[in-house]
Amino acid sequence: MQFGVPFSVLRGCVRHCRSCSSPACGWRAQWRRSYSFLKDDVKSLRAVVNPDISKIRNIGIMAHIDAGKTTTTERMLYYSGYTRALGDVDDGDTVTDYMAQERERGITIQSAAVTFDWKEYRINLIDTPGHVDFTLEVERALRVLDGAVAVFDASAGVEAQTLTVWRQADKHKIPCVCFLNKMDKPGASLSYSLESIKTKLKANPVLLQIPIGSGKGFIGLVDLITKQRMVWQGKSWADDGRLFESRVLEPTDDPELLEEVDQARGGLIEQVADLDDEFAELLLGKYSDNFDAVPAGKFQEAVRRVTLARKGVPVLCGSSLKNKGVQPLLDAITAYLPVLPFFKHENLQQLWMTVLVHDKQRGPLVFLRIYSGTMKPQSAIYNINRNGTERMSRLLLPFADQHVEIPSLSAGNIALTVGLKQTVTGDTIVSSKASAAAAARRAQKGAEEKRGSALSNRESSSLVLAGVEVPDPVFFCSIEPPTMSKQADLEHALNCLQREDPSLKVRTDPDSGQTILCGMGELHIEILHDRIKREYNIETHLGPLQVAYRETILQSVTTTETLDRTLGEKRHIVNAELTVSPWSESAKRHKWHPSHEKSCFLCAGPLLGYPVQGVSTVIRSVHVEPGTSLAMVSACISRCMLKALQQASGQVLEPVMALEVTVGEEYLSSVLGDLAQRRGCVRDIQSRHDNKVLLATVPLAEMMGYSTVLRTLSSGTATFSLELASYEPMNPQAQTSLLNKMAGLS
Ligand SMILES: Nc1nc2c(ncn2[C@@H]2O[C@H](COP(=O)(O)OP(=O)(O)OP(=O)(O)O)[C@@H](O)[C@H]2O)c(=O)[nH]1
């Protein structure tokens, strides 16, 4: 037996595979793939299925697209003994990018959870996507993590999407460690990267390592806390970096390096003492004669406190592709990142879990973060968001697309469950309805005592539920099955995909009856289309991609509407008067409440039927004759509202994107010329080594197919990222041409 996991654990798999001949059978594939495990690889998992909570690290790995998250994750898996061979994104054989599209495109689309052990720690690591179309994927991963590793391309420093994910980590108060990857690149710069962390992320970098050599000559690191000199003498591509020389820096070492280390270490001691009083006291007391003599253990503890308090972020460096610096990064994850730092679960004596990702193919697989209690297979659970009870059948430990069945899992772990049919990404589940009610009561009581005031029901339930914020889609298109007989299959596929990906919205066009897909970007829709084909075997036809506009009004209008209708024996008479005004105007007069915006948002705009925003409505009077039904009252007010909107000078609002293009100077003018034609507005042009970084805002409608055009303009060298900045009024010319186009006049 080759597996290193108990036979009982694999028995289900063996039985299943012997009786099942389907080539698509996941268990069969796992059975075959399982041979790729080293004998000892999962030894510690066998020894400790439920490690002590202090020894668990639930970590996300996040960054701008292409910074090297997946490559870094692959190295971590390899050095921890989880995989036998080094996976390579460029060869399409990584563990965490396991979807076919991810391997083909070399990008991460879906967060993948991987469990592995490093030294005496259990690390549950989630590789999140870097592309902005999949931001929600990062968001939902972050909210259940305890810490994150932010990976940077050391030659680019902070890039556009790094800012976005950093903001998300900030929102969830997640302590981070920064890893300056790609130190082997000729343009890699430690000082540039540190500066951009300071200025762009407004973070306080705490540099823990000094690189030895630069660019192609980058061979290793000196740890500033332990003064350990680590050198990877990899001379060939085949060198896997597993073995490296590690010894304390000696006086006979390169004097330049010694001086650099001394200076940097002195600076680090000062910086940490400024941020941590306990460390400052230690220095001023016992080690006042010689700061340098402070023990590494005490120094590390202080850096940990600084990291957890989010007063500073440890910065490490390396080159994942060249197999340098990943082992110290793993050490830093265990040393400086926490477990459960911010989730207070004293109110929850029972199970307390949050769904992370819903998987496909093998049926509904649901990733769960266990916050308290112990989870067992074959048990019923209560879903707070859906207000329903359902049963899970099996419990697994996730290894990207390979899973090991386990008999129980305790707090702190990330588990995978089979059998949950109602649960959707972002839901919170507990062991029973009674425990949810008790937790809510305890939470409310605690909050009341703290604030000395009673909470509304809504507020108290929000203590129990922490939902994922789902951004509004910016693109949509129709989707059609090849034949009507496939419509039900398509609906099923779309339902499954929506459970998995809340940023996908599906609706039916009221006029044409067509199914409409709404997504976060061109790539998002393209990937969904591809997944429907590959995973659900339905060859669908997509209509042209359209921008999700919004509408508002430019004038205040007061209007009345009368509804007089006889239905059967009954006569219904309503008369309503209301005023609609642009939000900016009415905001001066009325206090804003979020529910206002929501109710307005539900209206279809007067110009093209897009959702209306920025409109305030005041219902001035409603006269209702006796016997009139409520439905008639509501119908009358809706008609009155539509009439008012039609008279109030409609204005189309279009999504405007923040664009960042990194391009060689020689191609800058053609990129700028192209942007001018796209109604782009250049905000800034910065220099980054030999490249120019162009910051602009551009209407989304002008950005279709931009990646292909940019590739052509820059001979494939430029990169770009696009993120929704705001909804802005269209200029009259562009609006007229849009209205004509929609009316089929042009
Ligand atoms: N020179 C150099 N290239 C690297 C290094 N690490 C990764 N790369 C390359 O950078 C590219 C992107 O690497 P990935 O690991 O896919 O990056 P990612 O951040 O996971 O990308 P997404 O998942 O798409 O966001 C690949 O071509 C890698 O070979 C490194 O340390 N040095």
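What share of the contacts in the protein chain with a separation of 6 or more comes from residues 24 or more positions apart? The figure is 71%, where a contact means two C-beta atoms, placed from the backbone, within 7 Å. Keep in mind that this is a predicted model: local features need pLDDT of at least 70, side-chain atom pairs count only at pLDDT 80 or more, and totals for chains, interfaces and linings use all residues. Residue numbers start from 1 along each chain as its sequence is written.

Let's start with the whole chain. Its secondary structure comes to 22 helices and 34 strands; these are DSSP runs numbered from the N terminus, with helices being H or I of at least four residues and strands E of at least two. Of the 746 residues, 43% are buried. Buried here means 20 or more other C-beta atoms within 10 Å of the residue's own, exposed means 12 or fewer, and partly exposed is in between, with C-beta atoms placed from the backbone.

Back at Ala150, if you leave aside neighbours within four places in sequence, the contacts are Met62, Ala63, Thr162, Trp166, Cys176 and Cys178.

Helix 4 (residues 69–79) is worth a look too. It is largely enclosed by the rest of the structure, because 11 of its 11 residues are buried. Among them are Lys69, Glu74 and Arg75, along with Met76 and Leu77. Just after helix 4, Gly81 takes a positive phi of about 90 degrees.

Two non-glycine residues also have positive phi. Arg310, at about 55 degrees, sits in the loop between helix 11 (296–308) and strand 11 (313–317). It counts as partly exposed because it has 17 C-beta neighbours inside 10 Å. Asn323, at about 60 degrees, is in the loop between strand 11 and helix 12. With 22 other C-beta atoms within 10 Å, Asn323 is buried.

Four strands form an open sheet in the order 7-8-9-10, with antiparallel pairing; strands pair if DSSP finds at least two bridges between them. Strand 7 (209–212) and strand 10 (245–248) are at the edges with a single partner strand each, so one side of each has no neighbour in the sheet. Inside the sheet, strand 8 (residues 220–223) and strand 9 (residues 228–231) run antiparallel, joined by 3 bridges. Gly220 has Val231 in strand 9 as its bridge partner. Helix 9 (residues 255–275) packs on the sheet and touches strand 7 and strand 8.

Finally, take a pair of helices. The axes of helix 15 (residues 487–500) and helix 16 (residues 522–536) come within 11 Å and cross at roughly 115 degrees. Axes are lines fitted to C-alpha atoms, for helices over the stretch in contact, and angles run from 0 to 180 degrees between N-to-C directions. Helix 15 contributes Asp489, Ala493 and Leu497 to the contact, while helix 16 brings Leu528, Arg531, Ile532 and Tyr536.
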